[in-house]
Amino acid sequence: MNMHAADGIHVDDGALLALIDGESAPGAEPRTHVDSCDDCARRMEELRFASRRLAGALESVDTPSPLTEMPDELRDAAAAAVTPIHSAWRRRLRGGRSVAAAAGLILVLAAGAYAVPGSPLRSIVSRSVDALGSLFGGDTVGPIDPGPSAVGVDPVDGAVTVSIEGATDDLRVTIRLVDTSRASVSARGASFVGQPGRLRVTDAAGDMTVELPTAAEGTVEVNGAPVARSTGGAITRLPGADLVPAVIVVETAG
Amino acid sequence: MDFEAAFNSHQESLFRYVNRLVGDADLASDVVQESFVRLLSHPLPDDEVRRWLFTVATNLVRDDARMRSRRQRLLAERYERSDMASDPADVPDEVAMRSEQIAAARAALEQLSPRDRQMLMMREEGFRYSEIAKVIDVAPGSVGTLLARALRRFAAAVDPAHIDDEESE
């Protein structure tokens, strides 16, 4: 048993069920074989019968969903989950082109300053941002986005691991391959501990970008669970990506 | 992602799946709501939402020992009720027959491993083998074989006279 029709013997149960389910079976041989093999046709009918029996059994234990409409608690949670930051900023910036231009300049400076850990520009930019807040008026100025910090690390023996710790559901990690020699991580408000072959990232929130070098074997872990792996110039999303609280986006194309 | 649209599209299928796993509509409802609450903080592309919801719900069921023990207790209670209901003096034949069918189906499903149940029920919800592989964390090429074995185990559990084709050889 469990041999392929191409061997001239029998088709295994998995391939028979794949035929029943319309899943792509390896090659056209199983169907051809079943049509001319009484034993395989019988086993296929057994699986069909078991499948119908299961469907009937499951239907017999079904109860109607009590959630015909979205519960109020869930609706409230959905409404609260909508982040108003962008629209709030747009309203504030609507006040005047000059203020908007100043805001843009300062935010660009902020991004540049914070991209360099330890940069003296950080305090200057922070003060400018605070001053800009007073120009906007209104009750309060929302939290200023300081822009991402970026840190790179070299592979060791052709391998590099990026370990993201303490990730929550506020974090969205985009992982991609790049044609550089170093792995790098860009994130807001994060702390980095780097050593050759390994980069540990903590306290990250918002959008994070992880770039793995195509020439190395790369692994990205979130809260200890491997979520993506790259090897041979290809990157794979691992099942662990669905089990961690953060959103994991693996860019496999391009 | 339109959250309300996602809820309307997937809640019924997700509830049916979880309810079949845990045998408790209240608990299934809680799991479904918790899954959607978690979705709120995971703005996914529309085509990834369904699989993600089923993965989360599967893990909520799988990882919660309290849930498992509660399920077993509820099943035991259900079997007791079924035994009482099967008394022809108490209930009409049709109701008694349905109770017996439910009890038999439940008993057969309970004899399957959690993984077998999850795979079979995802298949019943129309998931492709590749999607089942991702949610259950098995190799895609093994899904057909695992499903077929689970089906035969179910058939054998429902009908003890059933001879498993593989075991007979």
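Me: Is B:Phe127 buried or exposed?

Reply: B:Phe127 counts as buried, at 4% relative accessibility (buried is under 20% relative accessible area, exposed over 50%, partly exposed in between, with a 1.4 Å probe and protein chains only). Keep in mind that this is a predicted model, where local features need pLDDT of at least 70, side-chain atom pairs count only at pLDDT 80 or more, and totals for chains, interfaces and linings use all residues. Residues are numbered from 1 along each chain as written, chains are lettered from A and ligands numbered from 1 in written order, and side-chain values use heavy atoms, without hydrogens or water.

Now to its partner. Over all chains there are 4 aromatic pairs (ring centres of Phe, Tyr or Trp, the last by its six-membered ring, within 6.5 Å; planes under 30 degrees apart are stacked, over 60 edge-to-face, the rest tilted). B:Phe127 and B:Phe54 have ring centres 4.6 Å apart and planes at 65°, so they pair edge-to-face. The two come from distant parts of the chain, 73 residues apart: B:Phe54 sits in helix α3 of chain B, and B:Phe127 in the loop between α6 (114–124) and α7 (helices are DSSP runs of H or I, at least four residues, and strands runs of E, at least two, numbered from the N terminus). B:Phe54 is buried as well, with a relative accessible area of 0%.

Two or more lining residues each come from α3 (46–63) and α7 (129–136) of chain B and from β11 of chain A, and α7(B) gives the largest share, 4 residues. The lining divides into 11 nonpolar, 2 polar and 9 charged residues.

Finally, follow β11 into chain A. The strand belongs to an open sheet of 5 strands with mixed pairing, in the order β1-β4-β7-β3-β11 (two strands pair if DSSP finds at least two bridges between them). β11 (247–250) and β1 (149–153) stand at the edges with a single partner strand each, so one side of each has no neighbour in the sheet. β3(A) pairs with β11(A) in the parallel sense over 4 bridges, and A:Arg172 stands opposite A:Val247 there.

How values were computed:
Nonpolar A, V, L, I, M, F, W, Y, C, P; charged D, E, K, R; others polar.
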